[in-house]
Amino acid sequence: LSETGLPGDRLELEITETTIMADLPLAREALRRLKRLGLYISVDDFGTGYSSLSYLKIFPLDALKIDRSFVRDLGQDPQDEAIVTAITTLAKSLDLTVTGEGVETVEQLEFLREAGCDEIQGFLVSEPRPADELAEILSRGSVTLEELQTRD
């Protein structure tokens with residue numbers, strides 16, 4: 001941040017819950033120091049590791065990213081739907097942003113939207129793209145879902 005001049009609030013750090021749980025005291029101190037720099041901190045792959053709810057209150061988190069293993073069968077598996085709904089409800093009650101990962105279908109998108117999910121990631125939005133192509137798309141400003149799904 002000091003080398004680039006980038007404001008801390010423009011940088012998001014994604015950390016898996018497995019990494020957090022590997023050394024709780026170290027993770028707690030490191031995340032607090034990073035948060036003091038203004039970083040946005042999210043837990044990636046939420047629900048797949050230790051899933052200890054206690055760290056949700058002791059770490060300075062901004063967001064949870066629901067693992068794609070729960071998103072994959074939305075609309076087909078009531079257990080996954082219950083888990084996603086519970087994670088979303090819990091996160092929102094803790095004032096955390098919620099992202100659904102691995103979204104590939106409109107049905108998954110609609111379920112996540114109705115559950116209160118704030119953001120999505122996945123092939124429904126776009127397949128991975130080279131950095132120069134993404135920079136060109138973003139430089140145009142507003143982009144539709146159809147534009148992202150269609151390669152030039």
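Helices (H or I, at least four residues) and strands (E, at least two) are DSSP runs, numbered from the N terminus. Lys92 is partly exposed at 36% relative accessibility, and Asp118 is partly exposed at 39%. Buried means under 20% relative accessible area, exposed means over 50%, and partly exposed lies in between (1.4 Å probe, protein chains only).

A salt bridge also joins the side chains of Lys35 and Asp62, at 2.5 Å from N to O. Lys35 lies in helix H2 and Asp62 in the loop between helix H3 (55-58) and strand E3 (63-66), so this pair ties together parts that are 27 residues apart in sequence. Lys35 is partly exposed, with a relative accessible area of 27%, whereas Asp62 is buried at 18%. By the rule above, the count of salt bridges comes to 7.

## Helix H2

Helix H2 covers residues 24-36, 13 residues in total. At 1.5 Å a residue it should span 18 Å, and its end C-alpha atoms are 18 Å apart, which agrees; the expected span is 1.5 Å times one less than the number of residues. At the N-terminal end, Asp23 caps H2 through a side-chain oxygen that lies 3.2 Å from the backbone nitrogen of Leu26. Gly38, which follows H2, has a positive phi, near 100°.

Glu29 and Arg36 form a salt bridge, with the closest N and O atoms 3.8 Å apart. Arg36 is exposed, with a relative accessible area of 62%, while Glu29 is partly exposed at 39%.

## The largest pocket

The largest pocket has a volume of about 250 Å³. On a 1 Å grid over the protein atoms alone, a pocket is an open set of points where a 1.4 Å probe fits, with protein on both sides within 12 Å along at least five of seven lines; lining residues have an atom within 4 Å of a point. Grid points are joined across faces, edges and corners, and the volume is the space filled by probe spheres set on the points.

The lining consists of Asp45, Arg68, Arg72, Glu101, Gly102, Glu104, Gln108, Gln121, Gly122 and Phe123. By class it has 1 nonpolar, 4 polar and 5 charged residues. Ala, Val, Leu, Ile, Met, Phe, Trp, Tyr, Cys and Pro count as nonpolar, Asp, Glu, Lys and Arg as charged, and the others, Gly among them, as polar.

## Ser126

Ser126 is found in the loop between strand E5 (119-120) and helix H7 (131-139). Ser126 is buried, with a relative accessible area of 18%. Its side chain makes a polar contact of 3.0 Å with the side chain of Arg129. A polar contact is a pair of N or O atoms within 3.5 Å; within protein, one must be able to donate a hydrogen and the other to accept it, and residues adjacent in sequence count only if both atoms are side-chain atoms.

## Overall make-up and basis

The protein has 8 helices and 5 strands. Buried residues make up 32% of its 152 residues.

Residues are numbered from 1 along each chain as its sequence is written, and side-chain values use heavy atoms, with hydrogens and water left out. Because the model is predicted, local features need pLDDT of at least 70 and side-chain atom pairs count only at pLDDT 80 or more, while totals for chains, interfaces and linings use all residues.

Technical notes:
Salt bridge = Lys/Arg side-chain N within 4 Å of Asp/Glu carboxyl O.
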